[in-house]
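User: I'm new to this one and would like to go through it slowly. Could you put it up first?

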Amino acid sequence: MKTITLLIPVYNEESVLSQLFRRLDEFTKNTPDYQFEFLFINDGSTDKSFSIIAEQSKKDSRISYINLSRNFGKEIAMIAGIDHIKSDALVIIDADLQDPPELIQEMISYWEDGYDDVYARRNNRQGETWLKKKTSQWYYRILQKSTNIPIQVDTGDFRLLDRRCIEALQKFRESQRNTKAIFSWIGYKKKEIFYDRDPRLAGQTKWNYRKLLNLAIDGITSFTTAPLRMATIFGFIISFIAFVWIIYLLVRPLFGVSTGAGYSSLMAVILFLGGVQLLSLGIIGEYVGRIFIETKNRPLYLIEEYHAGNIKKTRR
């Protein structure tokens with residue numbers, strides 16, 4: 001019997017966990033030909049999420065959990081779980097039930113057909129504002145245009161990954177992570193399926209616009225050097241225009257055209273060029289800062305407690 005682990009990052013989800021346990025139990029009853037493990041990653045929750053998971057693990061031997069020492073963020077929580085996968089396949093799913101566990105059956109069928117990465121693409125995103133949907137579209141377009149690797153659009157972390165994808169992901173140890181882009185980078189045989197994403201059953205989203213902006217910046221700067229190249233190109237264009245303007249100022253007195261004082265235009269040019277320089281330095285600073293963080297070689301996460309459920313190791 002093949003083994004499949006459902007990796008579930010959790011951060012302050014006490015209000016939805018009981019429904020999640022029920023849906024997962026119903027799903028596994030309808031999928032009897034596989035051995036399942038439910039691996040919960042408690043990412044420093046401040047509510048009763050961890051105690052609820054720990055208590056449920058006493059009733060359900062399929063439940064494993066990792067309690068991180070603090071909140072490291074979802075990207076790190078996922079790699080913490082991936083590092084502990086022992087099964088033949090992995091399914092990443094959010095705890096808020098916006099991604100339906102019942103869709104995993106279709107993922108498994110494509111996996112059995114030979115696909116290594118079966119990912120779910122959203123037809124719509126219920127419960128999200130127009131601004132959040134548009135900014136998400138803009139982000140994916142920017143990321144696609146800034147790299148030569150095909151990026152999966154309108155997809156989250158909800159997917160099934162074969163064992164060789166799991167082993168590939170375990171090799172990525174950078175602290176500033178963009179897991180969605182890494183899924184594309186590793187390649188392998190992929191299959192896209194579509195679904196309608198449900199609104200949250202309970203609780204509030206943990207993502208505000210500040211966190212989403214930081215995630216977007218981390219995603220772009222950790223996956224491509226395109227911003228540095230853009231700064232270089234922009235600087236070259238500005239320098240070329242400035243050079244042409246200087247030549248024009250030097251030549252036009254020869255034709256009897258007075259140069260004039262030009263204090264306002266001079267200040268405008270100085271301020272504009274100063275802004276361009278600060279922007280370029282900021283972009284460079286983002287990359288230098290990431291180099292500084294990576295050279296420290298700190299551990300990605302620390303575990304306070306790990307509980308392994310009743311799951312057999314993979315045969316591979």
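User: Leaving aside its neighbours within four places in sequence, which residues is Leu6 in contact with?

Analyst: This is a predicted model, in which local features need pLDDT of at least 70 and side-chain atom pairs count only at pLDDT 80 or more, while totals for chains, interfaces and linings use all residues. Residues are numbered from 1 along each chain as its sequence is written, and side-chain values use heavy atoms, with hydrogens and water left out. With those neighbours set aside, Leu6 is in contact with Leu24, Phe27, Phe36, Glu37, Phe38, Leu39, Val91 and Ile104, where contact means heavy atoms within 4.5 Å.

User: And which residues touch the most other members of the largest nonpolar core?

Analyst: Leu6 is one of them, together with Ile4, Phe40, Ile108 and Phe158, in a core of 35 residues. A nonpolar core here is a set of buried Ala, Val, Leu, Ile, Met, Phe, Trp, Tyr and Cys residues joined through side-chain atoms within 4.5 Å; buried means under 20% relative accessible area, exposed over 50%, and partly exposed in between, using a 1.4 Å probe and protein chains only. The largest share of this core, 5 residues, comes from α1, and apart from it lies another core of 26 residues, including Ile41, Ile66, Ala80 and Leu300.

User: Switching to helix α2, which of its residues are buried?

Analyst: In α2, which spans residues 49-59, the buried ones are Ser49, Phe50, Ile53, Ala54, Gln56 and Ser57. Helices (H or I, at least four residues) and strands (E, at least two) are DSSP runs, numbered from the N terminus. Seen down the axis of α2, the buried residues fall within an arc of 165 degrees, so they line one face of the helix; the arc is that of the directions from the helix axis to the C-beta atoms. On the other side of α2, Lys58 and Lys59 are exposed.

User: What do the buried residues of α2 pack against?

Analyst: They pack against β1, α1, β2 (35-42), β3 (63-68) and β8 (303-307).

User: OK, charges now. How many salt bridges does the count come to?

Analyst: The count comes to 15 salt bridges, taking a salt bridge as a side-chain nitrogen of Lys or Arg within 4 Å of a carboxyl oxygen of Asp or Glu. One of them is in α2, where Glu55 and Lys58 lie 3 residues apart, about one turn of the helix, and their closest N and O atoms are 3.7 Å apart. Glu55 is partly exposed at 41% relative accessible area, whereas Lys58 is exposed at 67%.

User: Which parts does the pair of Lys74 and Asp157 tie together?

Analyst: Lys74 lies in helix α3 (residues 74-82) and Asp157 in strand β6 (residues 155-162), so this pair ties together parts that are 83 residues apart in sequence. The closest N and O atoms of Lys74 and Asp157 are 2.9 Å apart, and Asp157 counts as buried at 5% relative accessibility. Elsewhere, salt bridges that share partners join Asp25, Lys29, Asp60 and Arg62 into one network, in which Lys29 and Asp25 meet at 3.3 Å, N to O.

User: Last topic, the backbone: what is the phi of Leu97?

Analyst: Leu97 has a positive phi of about 65 degrees although it is not a glycine. Most residues other than glycine have a negative phi. Leu97 sits in the loop between β4 (89-92) and α4 (104-112), and counts as buried at 1% relative accessibility. Asn12, in the loop between β1 (3-10) and α1 (17-29), also has a positive phi, of about 55 degrees.
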